[in-house]
Amino acid sequence: MTTTSALLSVRDLGVRYGTAQALQSVTFDLLPNSALAVLGPNGSGKSTLARALSGLVAPAAGTIELDGRDIGGLTPEAIRRAGLVHLPEGRGVFPTLTVLENLRMATAVDRRQRAAAIDRALEIFPVLRERQRQAAGTLSGGEQQMLSLARALMVEPRLVIADEMSLGLAPKMVDIVFESLQRARSAGVAVIMIEQFASRALAFADHCLVMQRGRVAWAGATEQAGDELLRRYLGDATAA
């Protein structure tokens, strides 16, 4: 991946929690409308990386550039406005509100622009149009994740970080999550996927980072990440 055309460029990123070094010298690029799978065992730094990119934790070292703009140290809201949306583990929806009300809550623009944004989200996810008057808490787990992603896409992000969106879901619901992320890519959005299902993530993504103990242990195109390499770093975490 080349830095000249990168949407996201991360150089020597470091994060500390007190005296503990959570990330060290993390470097990678992400091209527009591409997908990066971030894999690694628990405690390897995957979610810390997502939190640092989205402004939830402050970098202790290094730089983060989004479309050539230094976003390291900006607030989460400023980073979101710049075009990077983080979907953390768990479903970011209001369960007692309807699907439509959840979508309305996702944007603070004027009514005319909000209507267009909602229509755009429902066009990407037609299932939500069918369920727009249904309480979000009564949707399936996969549909709630779809709604969470639809809310994110309403602000027209350049990049979405999907942090363990399939966690705790049944296989059919995992399919819905991956289909939803593919719809986001088809709409021109780049994706960083932090995912427990390594083989599914590799099938979805163009490139891969394997994290270990806060460092990048391996990086490359997904077709180069063979079973032997994944077993070396991930053990049995390669199941679909």
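I started with Thr 222, which counts as buried at 11% relative accessibility. The cut-off I used for buried is under 20%. I note here that the model is predicted.

Where does Thr 222 lie? I found Thr 222 in the loop between β10 (215-221) and α9 (227-234). Next I looked up its contacts, leaving out residues up to four places away in sequence. Thr 222 touches Leu 202, Ala 205, Asp 206, His 207 and Cys 208.

**Sheet**

I then traced an open sheet of 4 strands. Its order is β2-β1-β4-β5, and the pairing is antiparallel. Which strands stand at the edges? They are β2 (20-30) and β5 (69-70). Each has a single partner strand, so one side of each is left without a neighbour in the sheet. As a reminder to myself, strands of a sheet pair through backbone hydrogen bonds.

I checked the pairing of β1 (residues 8-17) with β2. These two strands are antiparallel and share 7 bridges. Tyr 17 stands opposite Ala 20 in β2.

**Helix α1**

I looked next at what lies across this sheet. Helix α1 lies across β1, β2 and β4 (61-66). It runs at about 110° to β1.

Is α1 largely enclosed or open? Of the 8 residues of α1 (residues 46-53), 6 are buried, so the helix is largely enclosed by the rest of the structure. I listed the buried ones: Lys 46, Thr 48, Leu 49, Ala 50, Ala 52 and Leu 53. After α1 comes Gly 55, and I noted its positive phi, near 90°.

**Helices α6 and α7**

Last, I looked up how α6 (residues 141-153) meets α7 (residues 171-186). Their axes come within 8 Å and cross at roughly 15°. Angles under 35 degrees count as roughly parallel. That makes α6 roughly parallel to α7. The crossing is right-handed.

Which residues make the contact? From α6, I wrote down Gly 141, Gly 142, Glu 143, Gln 145, Met 146, Leu 149 and Leu 153. From α7, I have Met 173, Ile 176, Val 177, Ser 180, Leu 181 and Ala 184. I sorted the contact residues of α6 with α7 by type: 8 are nonpolar, 4 polar and 1 charged. I also kept a general point on spacing: an α-helix has 3.6 residues a turn, so residues three or four places apart point the same way.

Conventions: Residues numbered from 1 in each chain as written. Predicted model: local features only at pLDDT ≥ 70, side-chain atom pairs only at ≥ 80, totals over all residues. Heavy atoms only, no water. Buried < 20%, exposed > 50% of the residue type's maximum accessible area, 1.4 Å probe, protein only. Axes fitted to C-alpha atoms, helices over the stretch in contact; angles between N-to-C directions. Parallel < 35°, antiparallel > 145°, perpendicular 65-115°, else oblique. Left-handed = near helix turned anticlockwise from the far one by under 90°. Contact = heavy atoms within 4.5 Å. Nonpolar A, V, L, I, M, F, W, Y, C, P; charged D, E, K, R; others polar. Pairing = 2+ DSSP bridges.
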